[in-house]
Amino acid sequence: MLFLRSFMILVLSCIAIKINLCFPNILSSLKTLPIDGHFNFEQLHHAAKDFGNRYSFLPLAVLHPNSVSDIATTVKHIWQMGPGSDLTVAARGHGHSLQGQAQAHGGIVINMKSLQGLKMQFHIGNLPYVDVSGGELWINILREGLKHGLAPKSWTDYLHLTVGGTLSNAGISGQAFRHGPQISNVHQLEVVTGKGEVVTCSGKQNSDLFHGVLGGLGQFGIITRARISLEPAPEMVKWIRVLYTDFATFIRDQEELVSGESTFDYVEGFVIINRTGLLNNWRSSFNPQDPVQASKFKSDGRTLFCLELAKYFNRDETAVVNREIHSSLSQLNHIPSTLFVSEVPYIEFLDRVHISEIKLRSKGLWEVPHPWLNLLVPRSKIQTFAQQVFGNILTDTSNGPILIYPVNKSKWDNRTSVVTPDEDVFYLVAFLSSAVPSSTGTDGLDHILIQNKRILEFCEIARLGVKQYLPHYSTQVEWKAHFGSRWEVFVRRKSSYDPLAILAPGQRIFQKAVPYS
């Protein structure tokens, strides 16, 4: 026993000596790299935080690149260090990941927003597009695009995210039923692979890398530039909300709206669980079509379902658009007295979540834990899902918005890395919870995590065929189950483009220097 203890002390001492000897060498090698930007080795706490506010892993350093070459030089340097090095690399955009996905414990975090200085290049014509940095925010693309009368076709609900960040996942909002996710609206990418190679790729050039990176969770390359499809930008938006008490009627109307040629350009929905003073809080700046009838509506503590619609238009089309909207709404089966309409500029509609962010920040309610759960639910199972989740699991209240809306699988490219349910129509159901720090009640982190676990366990037991969006798993076995038959392709791409598993360690899919299969 004494011998064993002495041996362990010796081993641990050797490891400590090795680390202490290697650490200065690693730092000095990074400091001597020929880059235009710079490394930060001291102020690292910002890179160990994200929107989820649940995980915090300090990196060894943060790279602030001035060029794509800086990123390639850094990654190639780590690649050349070989499997004996523990260094990994995570690209960090706006830090909106939920569970440490953009962190690199003891590794290098690349501040992608440092690349924002690279100029956007707009190409005007029959098929307009814009070339942008992977670190550019979507809100900036919108602002610049409007100067040319153009805008991207597909969005996320929150625009203060980087291009590389959303394209590494999918990028979904209410326009996805028509245009598909953001990854379906990209013509070309520039990518730095896990070997430090700078590769231009598209559907015709290096297509395997192109499709792998889109929705690839950062596993095959860092997106440094993207060519985004554009369309003419409208001036105004008719923003409409209506309520339902019956879930089956609610989804029937939603599905009708996303099939065929819909009048509307945006279709979403959300669930309202047991809210008092419903209309005062819910309608915000919306005006009731019939104020008298609206004032009589009482929720009586019921779970309600809100259909949210938007129609884009230019001011000279107002009369025609109003007739189209009236005709389309007349075919829906919502509660008539709960029709609320607002008319806002296009940019105000698209940037609507940022307005809420400003209010929450002023109250100190933005930088709190966000144990979000995002699911893709097959159409054939959505009734079963809703009955259990909204009827038995989430019965008292919700700790944030619950989004629910259908999308068409035909608008998604199955060559990308994103995994979706095997049905023509599936629903995004997003539980966007915020936890009150230190609370032990129903608004506390532990309670919300238990609810999330119950939802996932129900989906598993009931075999609903649900897939996680913005997926998070702890073991490779779970990741294999997530990807299913596409796991082999995912592993092959990893071995081709990042064989040492240097990139995106925070996803916890692969471990550096650990064989994967």
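Q: Which element gives the largest share of the lining of the second largest pocket?
A: Helix α14 does, with seven residues. The model is predicted: local features need pLDDT of at least 70, side-chain atom pairs count only at pLDDT 80 or more, and totals for chains, interfaces and linings use all residues. Residues are numbered from 1 along each chain, and side-chain values use heavy atoms, without hydrogens and water.

Q: What makes this a pocket, and what is its volume?
A: A pocket is an open set of 1 Å grid points, over the protein atoms alone, where a 1.4 Å probe fits, with protein on both sides within 12 Å along at least five of seven lines; lining residues have an atom within 4 Å of a point. Of its 29 lining residues, Leu456, Gln468, His472, Tyr473 and Glu478 are the closest to the centre.

Q: What makes β2 and β4 a pair?
A: Two strands pair if DSSP finds at least two bridges between them. Strands β2 (residues 61–64) and β4 (residues 108–111) have three bridges, in the parallel sense. They therefore meet the cut-off. Leu63 has Ile110 of β4 as its bridge partner.

Q: Why are β1 and β3 at the edges?
A: The open sheet runs β1-β2-β4-β3, with mixed pairing. β1 (38–40) and β3 (89–92) each have a single partner strand, so one side of each is left without a neighbour in the sheet.

Methods
Helices (H or I, at least four residues) and strands (E, at least two) are DSSP runs, numbered from the N terminus.
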